[in-house]
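Here's a quick tour for anyone opening this structure for the first time. Have a look at it below, and then we'll walk through some charged pairs and a pocket.

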Amino acid sequence: MVSPSYAVELLQKALELYTPSRSEAALANMLKDKCVNELGFEQVNIDSVGNVIATKGVGEPRILLCGHMDTVPGQVPVRIEDGHLYGRGASDAKAPLIAMLLAASEFPKQSGTVIFAGVVDEEGNATGVKHLVKSKIGVDYAMFGEPSGIDNITIAYKGRLAIRLTCDVGDSAHASAPWLARNSIEEMHDFWRAIKAEIERVGTAESKANSISCTLTEISGGSSHNVTPQKCKITMDMRIPTVTTCQNVLDIVDGVITRVAKEKGVKATYRIEDRTDPFEADHSSALVRALSLGIMDVRDKRPTLLRKTGTGDMNVLGNTFKIPVVTYGPGDPHASHTADERVNVEEYVNSIEVFSRALFHMSRIHKMRKSKK
């Protein structure tokens, strides 16, 4: 059994490595070393995009435990205070990642095959999990590590549509004579207001879970403090509920951009930065049952099933592979990406046992069902 002190020490080491998206190599190498020399995995490698993949056992069921190694930018001093471990990624999502790794290391070889995947770029464009899907990794079930809180299971995520819109008015002028050229920043304001208004009109539902959200996350424009801007660029982040699709929302946005550009007589172009469709797992699957039993074993209570407004790697694999999937992990989602990101140490340690019990139940349920066929 992995000791609590070892578990906390390993997570602390992971937090001390700064791993914003596409800078995960140091953590991948550390995890590979631990898998080979301390945790008993039989096959370990780092693939061409930087994912670390470790396998243990043989035969069915083949269970994937997938977490991401990257974090959002910004460092948080690593420390333990008042029963919490602080650090960038403590909640999102190095605590779930390391908890799954340690649970996988304890999986009995005769119980099936467990595949641990620490993937890259989840906070960016999901490069890591997309590569896993492209490689056609053979699994029967997949658990993803994200902060749900130890007594909750995430069964649904919204999709994401990120669009980079450029407005080009074709000319600029001296700021002392702004009437000589159109102002791309001012023109862009009209595009943004029209897009946001239309999304709110067609996408507002009674609940936030079923509503389309639309927010402006980046803006750039202009070349000098005394020159009117010829070009302006904005990034829009839209989260798409399971009641619609990214394509439907994209069609709406495209229509607004085309209409406003024609009305104003300016050039507007866009590119899609990210497109991930929404996903909801089958909450009656054997995997959700196994994880629920694991939570009840450790916490002595039935878990709550969550539908989240964010987007995760579960969307990518879940929409491609027709297998049971689910997301779970220690940590408070509201602490993610914050200046005091943290995870409760006791919750983190308990989550390792929850994952271990879930693996036990998944193996048992799978083999029981196979024997009945």
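## A lysine with two partners

Let's start with K264, whose side chain meets that of E187 in a salt bridge, at 2.7 Å from N to O. K264 sits in helix 6 (residues 246-264) and E187 in helix 5 (residues 184-203), so this pair ties together parts 77 residues apart in sequence. Helices here are DSSP runs of H or I with at least four residues, strands are runs of E with at least two, and both are numbered from the N terminus. K264 also forms a salt bridge with D190, again at 2.7 Å, N to O. D190 lies in helix 5 and K264 in helix 6, so here the parts tied together are 74 residues apart in sequence.

Are K264 and E187 buried or exposed? Both are buried, while D190 is partly exposed, with a relative accessible area of 32%. (Buried is under 20% relative accessible area, exposed is over 50%, and partly exposed is in between, using a 1.4 Å probe and protein chains only.)

## What we're looking at

This is a predicted model, where local features need pLDDT of at least 70 and side-chain atom pairs count only at pLDDT 80 or more, while totals for chains, interfaces and linings use all residues. Residues are numbered from 1 along each chain as its sequence is written, and side-chain values use heavy atoms, leaving out hydrogens and water.

## More charged pairs

Side chains of opposite charge can pair when their charged atoms come close. A salt bridge here means a side-chain nitrogen of Lys or Arg within 4 Å of a carboxyl oxygen of Asp or Glu. By this rule, the count is 24.

One of them joins R164 and E218, at 3.9 Å from N to O. R164 is in strand 9 (residues 159-168) and E218 in strand 10 (residues 213-221), 54 residues apart. R164 is buried, at 16% relative accessible area, whereas E218 is partly exposed, at 45%. There's also a network of salt bridges linking K130, R160, D237, R239 and D274.

## The largest pocket

How much space lies in the largest pocket? About 900 Å³. On a 1 Å grid over the protein atoms alone, a pocket is an open set of points where a 1.4 Å probe fits, with protein on both sides within 12 Å along at least five of seven lines; lining residues have an atom within 4 Å of a point. Points are joined across faces, edges and corners, and the volume is the space filled by probe spheres set on them.

Of the 33 lining residues, E123, R239, G310, T311 and H337 are the closest to the centre.
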